[in-house]
Amino acid sequence: MVIGDVQKDFLLAVEGLTVSFDGFKAVNDLSFYVDENEIRVIIGPNGAGKTTVLDLICGKTEATSGSIKFRGQELTHMTPNQIVLAGVGRKFQTPSIYDDLTVFENLEISYPRGRTVFGALTFKRDAAVRERVEAVAETIFLKDRLHTSAELLSHGQKQWLEIGMLLIQEPALLMLDEPVAGMSVSERVKTAELLHGIIKNHSVLVIEHDMKFVEDIAHKVIVLHQGRILSEGKMDKVKNDPKVIEVYLGH
Amino acid sequence: MNENARLFDRSELMALAALALLLLVILPLGLDVFRLNLVAKYLTYAFVAIGLVLCWGCGGILSLGQGVFFGLGGYCMAMFLKLEASSVANTKIQSTPGIPDFMDWNQLTQLPFFWQPFHSLTFTIVAIFAVPAIFAFIVGAALFKRQVGGVYFAIITQAIAAILTILIVGQQGYTGGINGITDLRTLKGWDIRTDQAKFILYFVEVAFLFATVVAAQFVRRSKLGRILVAMREKEDRVRFSGYSVANFKIFAFCIAAVFAAVGGALFTLEVGFMSPSFVGIVPSIEMVIYTAVGGRLSIFGAIYGTLIVNFAKTSFSESFPQLWLFGLGALFIAVVLAFPNGLAGLWRDYVQPRLDPLLLGRSAAAAKWAGRSVADGAAAE
Amino acid sequence: MFGDYSIGDLGAIFAMQGFAGLILFSVFVLMALGLAIIFGQMGVINMAHGEFMILGAYVTWATSGFFQQNLPALFPGYFFVAMILAFIAAGALGMLVEWALIRHLYRRPLDTLLATWGLSLILQQAYRSAFGAREVGVELPDWMMGSKHLTDTIEVPINGIFVMCLTALITCAVAYVLFWSRWGRQVRAVVQNRVMAGAVGINTEKVDRYTFGLGCGIAGIAGSAFTMIGSTGPTSGQLYIVDTFMVVVFGGAASLVGTIASAFTISQARSTLEFFLSGSMAQVLTLLAIVGILMLRPQGLFALKVRK
């Protein structure tokens, strides 16, 4: 993509996004832009609307008004699976994997081929699939657990597996909802390493509470409060914003 | 290649062989024609049970209306046979010769339009597959596209079963009412009521059953089968991995419907009549219990479960009719509370581990992949 | 089908059938109220709900027999005693069932559906063994017989009005208990966050048991009302279960107002159609309409839009 001086093409452009649940505006007139290969972190107190923003982008929740443009394509009227095909992948807050399937099968399901009913019926597990699954398993530190049932993994490994399921999908934009929540210190370090590897060729939108982790990875930070943007910019700037300190970082 | 490329793994092949031995050799040799015909009748429910393994066991979609599809298949077949049995020569004492007797009794003077095409066997065979598939597609599309699932789906399918039964019973002149379509005689001139015909039909049915097992196994072994399991566990994850969850559910529901309809059509042939008592709420939910007893994840288990529950039903309700309902009720509760994987689960946990070292050799048994889907219910024997 | 009647006749027919539908409406409301509490608050599908209703009907029948035999002087008032007994009997059985069966299945709604179906078979057979397969009917006291003439053409059965008032009373009581009492707050707390409710000292097991008991007890009262419109047999309950589920789903599971509105719509539609068509076709058309509407609006008539 050409980045010109006059008009920059954003990867994701959210404008005037609002969603209201029986009058309660969980997200209120929200606008922000994400560049190609950018890591953007959304922080904010509980109930600020962070997860709802991801829900809106991936089509889980329908917007009341506003627009979400991904590479110029309007997402607000697309179905969740169309949005995935357009190139947006999303990881849920609690690890969302298939306990009854093996790690291999978990990854294979996200492999971007055979996504229609008849495609899935005639899907062949060929060398390309196996290589790709093994490569991703290596990235997420699960290469030697490929044939274990996913329910036997630790909490951290489940989080990685779900990240792996996104990677194999090859999305242009990855959305991660609290990827390090509930992880041990060593798992956090490894996850940060994993994300650093991923971001070389992806754009990432992350929700996270762990400030150290955020500082470590973020290019730019958005602070959400009551469905609106309280502050936006580089971490240093945001960290010293008195409004942010008052509602969020202060305690 | 690896085990995934093959349709049946080794223990499943053995289960298949055991089933073939039972159905093709032991039962035909060991039972008289009357008892064999009973087995044939029970086996028609096994088609429904196999469909439920895919739809409910794998996909988590509980349909309490499978009797509807069993009935649709059965009625399609019965309409054809009834028309053949109601030739002008056979019905010349009626006030309108050439139409089914119950229509005549209900003062109908001509064949209703929707009966007309059932003069043709080709049309009938197509209809046996197409009618339930289309109906399941409509219901499935309407509900799954709006993300209706779980208990809501179960209850709506149950209501549909109720509606269809009341409709069939109420519209006596068009459907034969509560008695159903009876007095079926010949199929293209071949008398289906003779012992010899019943014997042949039994083998035809077993052939269909094996075809169904292979088809079901193909679906289960494909990526689609794994997606069904994935959907049962984390529907949203599948949806946000780029799949149209609704389409997969519709497919599972349709294929279960078609299996049930094939069973229903064969039922009509074997038993010689079709009535609303196989369509409604009670038979529909009993079909679920066959699958549950056999093991909701096991194709073979579903067949054995169907046979065992029906044998138990026949023998109990002959000798202790009161006990049967208590027994059936207890079975529902036990299978849910204590044995959620049914007979197949018991087999896998208790019998298989002891059998494997004998059959496969010690090292092979140890190396065998942790069998989640090992589906064998030969406990029946 | 309306062609043969004058406008005045039609008005009278609608009014009469409307009032005739009142008892059906009451039975539906009471049944659905019980189901809605159990399903809406606990997520449990109780397929044996019809059998709890029939238990209430049998208790009513037994009470009426007892009064006739032993206390003929008090017979006119037996219904009140019967109702209370029906509530207690069905409620106690419900609590027993919750303890023995339901509490093991809270996370598996489809399995509760199968297990409670099994329970319904057992109960049906138990009734058959205890009371015989023949249907039994109760005798109404004199004051409940007959009807009031509103106009020349419109008359209303007294027992209908009575059951109607009773239903209104019970509905208000349930609404009070669920929405304003301390216990109701506990129920809703458990529904919304079981772990947290347990952590702040609510005995969640006890709440579950009483909730289930309450739902079944109300079904028992529905059984008392049911004795006025039909005779009671071991399988009478099964005939109502689908309709009742439709009432609950149509009304939008968690909404009390929705349940009442949908019970009213369904019973009235059916009762009115029954005058013009056969009973079975009336039922088919009503059910078809509901299924059709649910396909277009699966969340039911009254559902809150909530943040998932």
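User: In which order do the six strands of the open sheet with mixed pairing stand in chain A?

Analyst: This is a predicted model, in which local features need pLDDT of at least 70, side-chain atom pairs count only at pLDDT 80 or more, and totals for chains, interfaces and linings use all residues. Residues are numbered from 1 along each chain as its sequence is written, while chains are lettered from A and ligands numbered from 1 in the order in which they are written. Strands are DSSP runs of E with at least two residues, numbered from the N terminus, and two of them pair if DSSP finds at least two bridges between them. On that basis, the order in chain A is β6-β7-β8-β3-β9-β10.

User: Which strands stand at the edges of this sheet?

Analyst: An edge strand here has a single partner strand, so one of its sides is left without a neighbour in the sheet. In chain A, this applies to β6 (88–91) and β10 (228–233).

User: Which residue of β9(A) is the bridge partner of A:Val41?

Analyst: Strand β3 (residues 39–43) and strand β9 (residues 220–225) of chain A pair in the parallel sense over four bridges. In β9(A), the bridge partner of A:Val41 is A:Val221.

User: Which helix supplies the largest share of the side of chain A that touches chain B?

Analyst: Counting residues as in contact if their C-beta atoms, placed from the backbone, lie within 7 Å, the contact takes 26 residues from chain A and 24 residues from chain B. Helices, which are DSSP runs of H or I with at least four residues, include α2 (80–86), α3 (103–110) and α4 (117–121) of chain A, each supplying at least two residues of that side. The largest share, four residues, comes from α2(A).

Conventions
Two residues are in contact if their C-beta atoms, placed from the backbone, lie within 7 Å.
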